[in-house]
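Dear colleague,

I am handing over a structure to you with this message. Please look through the sequence and the model first; my findings follow below.

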Amino acid sequence: MIAGLEIRSFTAFGTLDISLSPRVNVIIGSNGTGKTHLLKAIYALAIANQPQSNEERSKKHVAAEISKKLLRLFSPEESRIGALRASGLEAPTRLGLKRSDDARVAISFASNSKVARIEKDAGTEGHEARPVFIPTKEILSLVRGMRHPKHDRATVEMIFDDTYIDLAELLVKPGFEDEASSLSEDPRLSSVVRELVNLVGGRYRWTSDGAFRFEPGSYQEKADPDRSKSKTAQAYQDSTVIRFVPKGGQSLSSSMTAEGYRKIGVLHRLLCNGSINPGTTGVLLWDEPEANLNPKLMKRLVQVLLELSRNGQQIVLATHDYVLLKWFDLLMEKGKEDHVRFHVLVREEDGDGMSVHSTDDYAQLVNTGISKTFSELYDAEIERSLDGVAL
């Protein structure tokens with residue numbers, strides 16, 4: 001688990017220190033306060049602390065790879081690591097990550113650095129599991145074009161940063177969503193996976209022609225012939241499995257389905273192929289999960305995220321949405337040890353850099369821009385109702 005993050009002289013940040021919850025973290029802030037940059041910084045640090053391959057690689061080679069990764073994540077106009085430093089500050093840039101076991105990793109560089117410097121505590125090599133980053137825009141309908149062998153890789157990389165390219169690679173990994181398999185392998189995820197399919201009325205499958213298609217249907221309990229014939233299978237649960245049952249026999253191109261549904265489909269796919277496996281894989285970073293999502297679906301999405309966190313999945317998401325925030329407040333259950341920490345990014349009064357205010361108490365968010373805006377809307381509605389004056 002990631003316990004905390006420190007940032008010095010990086011992009012929009014001067015000095016920033018954040019303590020993260022092992023369960024759910026919600027980053028809040030106005031446009032331009034660096035929410036996405038914060039998520040990407042966590043992503044880069046988690047990648048930097050991953051185990052290296054079996055082949056011997058020098059620290060210099062690893063540092064060069066991490067430097068390239070930072071450039072691919074943030075896409076500055078100048079292709080040099082120093083371009084990511086906060087403007088007007090002389091102090092060297094430093095990004096640091098602290099784990100719950102006190103292991104640390106840091107990335108640092110100066111304005112004239114060609115590559116970043118990677119620092120790790122002795123004995124902490126390979127501590128961090130693979131993180132997952134879900135960007136704001138959906139990607140299921142784009143994967144075919146991004147990975148098509150006839151498309152120029154350089155052009156794809158000019159259009160998409162590495163959060164999209166990395167996610168595309170995870171999505172095409174095979175999973176247990178084919179018709180012959182069941183959800184029995186991991187009972188923890190059975191209810192979550194079924195809920196995601198119920199949300200959109202089907203699932204997205206990777207097809208032989210290199211694209212995702214939407215298949216209407218649902219997961220149902222079905223008799224397992226092999227188990228039902230066994231003399232030892234006496235109990236009902238011993239002779240049934242939960243399998244996806246297609247409905248209607250017609251599938252649709254992913255681009256012909258709602259974008260909000262495709263975002264739900266991404267989470268379903270990552271759970272089905274093990275890219276997200278609570279307690280085993282790394283932090284889940286999600287930038288604006290509410291984007292293009294019907295507000296009616298937000299309650300159930302929050303329920304899914306809380307259930308994943310209860311099973312050991314650390315989550316960090318960024319949002320602008322009051323409805324999503326409020327559902328986290330209303331759906332938390334202390335009896336299930338739910339924990340949500342809110343981090344509010346605020347531009348400092350002198351306009352140089354950002355500060356962060358973290359709280360575990362939703363009631364402390366009353367002064368955020370999101371809450372104020374919705375309060376203004378509510379007040380305006382009440383005023384119009386009372387005096388009948390059109391605004």
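I begin with one side chain: that of S21 comes to 3.0 Å from the backbone nitrogen of R23, which is a polar contact (a pair of N or O atoms within 3.5 Å; within protein, one must be able to donate a hydrogen and the other to accept it, and residues adjacent in sequence count only if both atoms are side-chain atoms). The side chain of S21 also makes a polar contact of 2.7 Å with the side chain of H339. S21 is found in the loop between β2 (13-19) and β3 (24-29). S21 has a relative accessible area of 0% and is therefore buried (buried means under 20% relative accessible area, exposed over 50%, partly exposed in between, with a 1.4 Å probe and protein chains only). Leaving aside residues up to four places away in sequence, S21 touches Q314, H339 and R341, where a contact means heavy atoms within 4.5 Å.

Please note that this is a predicted model, in which local features need pLDDT of at least 70 and side-chain atom pairs count only at pLDDT 80 or more, while totals for chains, interfaces and linings use all residues. Residues are numbered from 1 along each chain as its sequence is written, and side-chain values use heavy atoms, with hydrogens and water left out.

As to the chain overall, it holds 11 helices and 15 strands (DSSP runs numbered from the N terminus: helices are H or I with at least four residues, strands E with at least two). Of its 391 residues, 47% are buried. Among contacts with a separation of 6 or more, 69% are between residues 24 or more positions apart.

I next describe strand β12 and its neighbours. Strand β12 (residues 284-287) is covered on both faces, with L284 and W286 buried on one side and L285 and D287 buried on the other. In a regular strand the side chains alternate between the two faces of the sheet. Strand β7 (residues 132-134) runs parallel to β12 and is joined to it by 3 bridges; two strands pair if DSSP finds at least two bridges between them. In this pairing, I134 stands opposite W286. Strand β13 (residues 315-319) is also parallel to β12, with 4 bridges between them, and A318 of β13 stands opposite D287. From β12 the chain passes through helix α9 (residues 295-310) to β13 in a right-handed β-α-β crossover, meaning that, with the strands pointing away from the viewer, the path from the first strand over the helix to the second runs clockwise.

Helix α9 itself has several features. N294 caps its N-terminal end, with a side-chain oxygen 2.8 Å from the backbone nitrogen of K296. The buried residues of α9 include L297, L301, L305 and L308. After α9 comes G312, with a positive phi near 105°.

Finally, two residues other than glycine deserve a look for their backbone angles. Most residues other than glycine have a negative phi. E288, however, has a positive phi of about 55°; E288 sits in the loop between β12 and α9 and counts as buried because its relative accessibility is 18%. E337 has a positive phi near 60° and lies in the loop between α10 (322-331) and β14 (340-347). E337 is exposed, with a relative accessible area of 59%.

With kind regards
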